[in-house]
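Subject: Structure handover and notes

Hello,

Here is the structure you will be working with. Please keep it open while you read the notes below.

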Amino acid sequence: MRTDTDYIVIGSGFGGSVSALRLAEKGYRVTVIEMGRRWHPETLPRSTWDVRHWIWRPRLGLNGFFNIRFFRHVTTLHGHAVGGGSITYGNTLIAPPPKVWRQGTWAGLADWEHIMPRHFETARRMLGVNENREPGEADARLMAMARACGLERTYRRTEVATLFAGEGEQPGAERPDPYFGGEGPARRTCTACGGCMIGCRYDAKNTLDRNYLYLAEKRGARVLAETKAIDIRPLGAADGRDGYAVTCEPSLDRLGPKRVHTCRGVVFAASSVGTQELLLRMKDNGSLPRLSDALGNDVRTNAESLIGVRYPGTSDDLSKGVAIGSGVHLDEHTHVQAVRYPDGSGTLGLLTTVMTLGAPGPRRILAWLAALGRMMATRPITTARMLLPWRFSRETVILLCMQSLESSLKMRLKRRWFWPFGKLLVTEGDDVPAFIPEANAFAVKGAEATGGVAATSLIEILFNISITAHCMGGAVMARTPSQGVCDEKCRVFGYENMLVCDGSVLSANLGVNPSLTITALAEHAMSYIPEAGVSSPGRTAEAA
Ligand SMILES: Cc1cc2nc3c(=O)[nH]c(=O)nc-3n(C[C@H](O)[C@H](O)[C@H](O)COP(=O)(O)OP(=O)(O)OC[C@H]3O[C@@H](n4cnc5c(N)ncnc54)[C@H](O)[C@@H]3O)c2cc1C
């Protein structure tokens, strides 16, 4: 059957960009469908107060790239852009410890500890990972806190995907392609403005549109930005061996015309939540009925908690450096990183308040009100400075705390009483801890030792809901369709030429920032796709 293109890749984040490049290199015609916009250094917002260019909520006229989704058990943070989460991410890239390959539903499916190192090496090279060379005042404060807790030996500068100035080189200077032997774009070096997470306006962060996706487009891959995939169904045979029809609509103007693209194969790379939602809807509406019933199971976060220490009135500027500059390990399971937003980006300050310890629920809310009252009575100026958003990024070390302890949620489509118009994506399962006692104790002790005030988010205190930028799983790898959605090569059970290559295939709790692992797994999945024109036996035949 003739199709418009060979492969359609849905989503242009880590998994999608790797897939687009490797498929294009193998000689396939590739079309990438991306619902976010294409950004350039000069169009990115200057601060988080520019919500129209920062937040993604098109129905409210907010056409930025940073999305917040609220679920019963967790609040998730995402990037929507050409380049996916890389436009807004903190560019810290860490390989997980080898033990993760022995946990979760991927354990024993492949000799991971032998296979994966070469893919991690490729991912690190392609993304330009190196050690942070611009530690700032926030990192110095994290070190001081670690020292106060006897943890200074665990302090490390992060590994980041940033181009730093060399010895004697002016920060912000232009360099001809430093990564791909002249095939890539010219770049600029980091100015340590702390702005990685609102989009790098200096072209120093190695976003995917500067590496994988850039090279994919050079090899002919077509990227359709501001385009949302809304339906995927087999063209002929029910297992998709004759190809697929992918229906799309404009993402910023939902009244715009729908278009159908046909292809031989589909790669889902719409992120953990995006791919789950799309696949759950396709299973629910009968477009892809053979999808595993395990879809939506084993959704994990890094059990993150966003806390911090604020130094009201400090003359130091804690906003300088790269977004995530350093980290310390509190114990085997708990990792804390020093995070910052650029000067002038104080919106997060609106959600920040003084930290309160103790059991979650109404008692913690009362304890928080009491602590706030006490502080106002004893240190009114400090309290006022602490609560005002102005100078938040100059005065605060945000602490991103992650735990590798096992816990998981389910995602399902459900009709809710407050939304009779259709089914909504919801979470089910046990609460994700919003409160990591070890991390809070570290912040309190660290704040005392360094003259700051320990801080936490209002969402955690009022609703006891964890916030995660690292939603993973939901279409996990497994031995059989009863346990997972894909096999160890990321091929979807029940369908031919259909893969999932994004955070939804992560099948254990990594305990570290996930993007490097997603990139390496996409490299792994793509390494099994034959060159164009070379036929593969197909999943079903292979299994037989
Ligand atoms: C503020 C922030 C900071 C972060 N910092 C780090 C960090 O320092 N290190 C780290 O490792 N990770 C970090 N992360 C997490 C990281 O961004 C994600 O783990 C990563 O981007 C996930 O990669 P992915 O390939 O699964 O999908 P994504 O990179 O999320 O890409 C998915 C893409 O698919 C698109 N899409 C979704 N649905 C559709 C559809 N129906 N049709 C068309 N397109 C669709 C989306 O618009 C998006 O662009 C951070 C995240 C946030 C929000």
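In which sense do β5 and strand β6 pair, and over how many bridges? β5 and β6 (residues 74–79) pair in the antiparallel sense, over 5 bridges. Two strands pair if DSSP finds at least two bridges between them. Helices (H or I, at least four residues) and strands (E, at least two) are DSSP runs, numbered from the N terminus.

Before going further, note that this is a predicted model, in which local features need pLDDT of at least 70 and side-chain atom pairs count only at pLDDT 80 or more, while totals for chains, interfaces and linings use all residues. Residues are numbered from 1 along each chain as its sequence is written, and side-chain values use heavy atoms, with hydrogens and water left out.

The three-strand sheet

β5 and β6 belong to an open sheet of 3 strands, in the order β5-β6-β25, with mixed pairing. Its edge strands, β5 (66–70) and β25 (466–468), each pair on one side only. From one strand to the next the twist averages 20 degrees. Axes here are lines fitted to C-alpha atoms (for helices, over the stretch in contact), and angles run from 0 to 180 degrees between N-to-C directions.

β1 and β2

Strand β1 (residues 5–10) and β2 run parallel and are joined by 4 bridges. Y7 has V30 in β2 as its bridge partner. In a regular strand the side chains alternate between the two faces of the sheet. Both faces of β2 are covered: V30 and V32 are buried on one side, T31 and I33 on the other. Buried means under 20% relative accessible area, exposed over 50%, and partly exposed in between (1.4 Å probe, protein chains only).

M35 sits in the loop between β2 (30–33) and α2 (51–54). With a relative accessible area of 22%, M35 is partly exposed. Leaving aside neighbours within four places in sequence, M35 is in contact (heavy atoms within 4.5 Å) with W56, H80, E226, T227, K228 and S251. M35 and L387 are 352 residues apart in sequence, and their C-alpha atoms are 36 Å apart in space.

Another open sheet has 7 strands in the order β8-β18-β19-β21-β17-β24-β20, with antiparallel pairing. β8 (156–157) and β20 (352–354) are the edge strands, and each pairs on one side only. Inside this sheet, β19 (residues 334–339) and β21 (residues 396–403) pair in the antiparallel sense over 6 bridges. Q403 in β21 is the bridge partner of T334.

Helix α4 (residues 137–148) lies across β17 (305–310), β18 (324–329), β19 and β21, and runs at about 10 degrees to β18. α7 also packs on the sheet, where it touches β20 and β24 (453–457), and its direction makes about 75 degrees with that of β20.

The axes of α7 (residues 362–378) and α8 (residues 380–387) come within 5 Å and cross at roughly 125 degrees. That makes α7 oblique to α8. Angles under 35 degrees count as roughly parallel, over 145 as roughly antiparallel, 65 to 115 as roughly perpendicular, and the rest as oblique. L372, M375, M376, A377 and T378 in α7 meet P380, T382, T383 and L387 in α8. By class, this contact of α7 with α8 has 6 nonpolar, 3 polar and no charged residues. Ala, Val, Leu, Ile, Met, Phe, Trp, Tyr, Cys and Pro count as nonpolar, Asp, Glu, Lys and Arg as charged, and the others, Gly among them, as polar.

Positive phi

Most residues other than glycine have a negative phi. S271, in the loop between β15 (259–268) and α6 (272–284), has a positive phi near 85 degrees. A303, in the loop between β16 (299–300) and β17, has a positive phi of about 50 degrees. S271 is partly exposed at 29% relative accessible area, whereas A303 is buried at 5%.

Cysteines

How many disulfides are there? Counting pairs of cysteine sulfur atoms within 2.5 Å, the total is 0 disulfides. For C193, the nearest cysteine sulfur is that of C200, 6.3 Å away. C193 counts as partly exposed because its relative accessibility is 25%. The sulfur of C471 is 15 Å from the closest cysteine sulfur, in C486, which is too far for a bond. At 14% relative accessibility, C471 counts as buried.

Regards
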